[in-house]
Amino acid sequence: MKWQWQVLGAVCGGALLLGTGILLGHFAVPQAGDLDEKLIQDFMGQVESARIRENLRVLASRPHLATTPGDKALVQLLRQRWQDPQTGLDGVAEGTYDVFLSFPDPTHPNSVSICPPVLNGSRLFEARRSEKVLTPDQAQEDVVPPYAAYAPSGSPQGRLVYAHQGTRSDYETLVGLGLDLNGTIAIVRYGGAGRATKAVVGAEFGVAGLVVYTDPKDINDGRAGENDTYPNSWHLPPSGVERGSYTESFGDLLTPYYPAKEFTYRIKESEIQGIPPIPTQPIGFEDARTLICSLAGPEAPAAWQGALGCTYCIGPGFRMDGQFPSSSEVQVSVYNQRVIEKSANVMGFIRGSQEPDRYVLYGNHRDSWVHGAVDPGSGTAVMLEITRVLGKMLKEGTWRPRRSIIFGSWGAEEFGLIGSTEYTEEFSSKLQARSVAYINVDISVFANATLRGQGTPPAQSVIFTAAKQVPAPGSGTGSVYDNWRHHTNRSSPTYGVIPSLGSLGAGSDYASFIHYLGITSMDLAYTYDRSQTSARIYPAYHTAFDTFDYTDRFIDPGFTSHQAVARTAGNVLLRLADSLVLPLNVSDYGEALEGLYSVAAEGQVQADLAAHNISLAPLKAAINRFKAVATDFNQRLMKLKEESSPNPLEVRMVNDQIMLLERAFLDPRAFPSKYYYSHVLWTPRAAGVPTFPGLAEAHAARDWDAIRKHLSIATQAVESAASTLETPA
């Protein structure tokens, strides 16, 4: 009853964490006992693939774009599930934010068309305004037409040019070939650069409007015919259009670093950076074929050729012998509307028994561009099954975690990770002080070949431990870990051949947790076999074909991969919530630091630094000190674990050191031009050299003073991390 009143207080006060009543005075750890392995096995045994399938069928039954009626219906579904008398959690709360979004005008549809030489209002060609309906579960009226979110309104018209992926080097190539891009319309394909970057950089070169498409070479392994695509296979149909948020940053665009509440100051729309300055519209590759295969001009470079069934030329304009007059122009008409709408996060809570002021967070976004069966329905379906089993154990009185668990269903993720970012902004101090780790399961299953794990180095050990206990789906034997190591592995100087744990960029809701708050984070999903496909992501991504039928038939028939992800993620969650000593290995950061350093210490980078009298010695010394301190720390942990009755305050102390290690790598002044990016090691880098991001970008710019600065920043961060692990005096 006390906990229910605390949740009620949290709702009334607008707080989405655990209420003020449990924030102080709960510092005791148990006198004896630790993680219950039998309980973990019991949890995994109760995870049912059939229930996950049914969850997804319900979740993907209608489109649920952020803040639309479909999204609001899912808010109520989550509340209902988490308040269920038999399988519910301790509490549920809903937090809303007034967020800046972008939608197409329903009365003025966006279009891409070819105009005749004489402007008389007619059109020689117009791209499809919606995708073909190929299966019954697509047939809803509230499917949002394809559009580029945050692209400005306008109707520029000009000669068409093909600019490959719209990277800076691509536009520079066109200029180098003698093309004048001023006033042109560029058509580019997805990949190579972020969506918004294609437009931002294009505008710098004078491009007036942008058309974006998905090339079948990049998503379908070259298959482009209707018989080779959905519903006959998992490949993207010719009419499929990838929607998306065209912004280079994340979070609410008008309220950077502050939660988007009614009282919050908002910058002017004109001050927003990193959104398209020119009208932009995505189209399907069947329409892109009509445009690109009609282009005049020189043949595009070999690396620019695709799978549309013709030789790609760069333009400008159309061929003399083509189906359109050579003087015809392309017009991009965009009528998007920018609005402020209320978007909700739904938070579920399980109170910890011994350390309720320590939080293990688990999240997945809820909104989708259309039906979103894979993205994000697969992740939400898994989260609902995990909470069902844990809620049942909770209600039956067989389990209560040592630490508190917070589940987050984030709103408006597709518009730029908005819900999770606003949450971390609103509760930044509390989350930084008390969060153990964040587990993200967005798309839980891209395909059914192998696990894809991403995370910061301390998360590696707990993910590996969990993956070893989960049977791999399919007819073969072995664990998820074994299968993962078979598909994607690396040679570790410490462990030998192990699965490759990827690093975290900013592709999902973990971004603000790791980059802004420095909370150990991880992302788990099942994915495809890279030796079998070159697809950059699953083919129906962000299209109207991402439906339950698509998932049920082609992504994971039988939902055994969904089940494996649920078991793995739930296993990790229980270990983080219940272990006496946090199962995060700080020594694994030493190996990661050595890897980043070795790239800088070899090859051209080292030679350039030496030529400018710049030494890496202080950084190397700091890394060596970190590794030595981490070794001493782990020895102290081993002795502590061997004690029959460990000192509760000493347990609390080492857990805090483990928890706060990630924060030591934050430097809010390291990247002043990059919103939210404070992590010295994992900030995404534009430069291709895989070393410390600040050093990599400064070296790419040949800015030797900046190199000295970022070497100081990296050295200080490593020294700070080492001091975090030292035995207190």
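Mentor: Contact here means heavy atoms within 4.5 Å. The model is predicted, so local features need pLDDT of at least 70 and side-chain atom pairs count only at pLDDT 80 or more, while totals for chains, interfaces and linings use all residues. Residues are numbered from 1 along each chain as its sequence is written, and side-chain values use heavy atoms, with hydrogens and water left out.

Trainee: Which residues does T568 touch?

Mentor: Leaving aside residues up to four places away in sequence, T568 touches A466, A467, V470, V480 and L524.

Trainee: Why is T568 called buried?

Mentor: Buried means under 20% relative accessible area, exposed over 50%, and partly exposed in between (1.4 Å probe, protein chains only). T568 has 1%, so T568 is buried.

Trainee: What makes helix α10 mostly covered?

Mentor: Eight of the nine residues of α10 (418-426) are buried. Helices (H or I, at least four residues) and strands (E, at least two) are DSSP runs, numbered from the N terminus. The buried residues of α10 pack against elements including β1 (91-104) and α14 (511-516).

Trainee: How do you know that β1 and β12 pair?

Mentor: Two strands pair if DSSP finds at least two bridges between them. β1 and β12 have 14, in the antiparallel sense, so they pair.

Trainee: What makes β17 and β18 a pair?

Mentor: Four bridges join β17 (489-492) to β18 (496-499), and the cut-off is at least two, so these strands pair. They run antiparallel, and a hairpin joins them through three residues.
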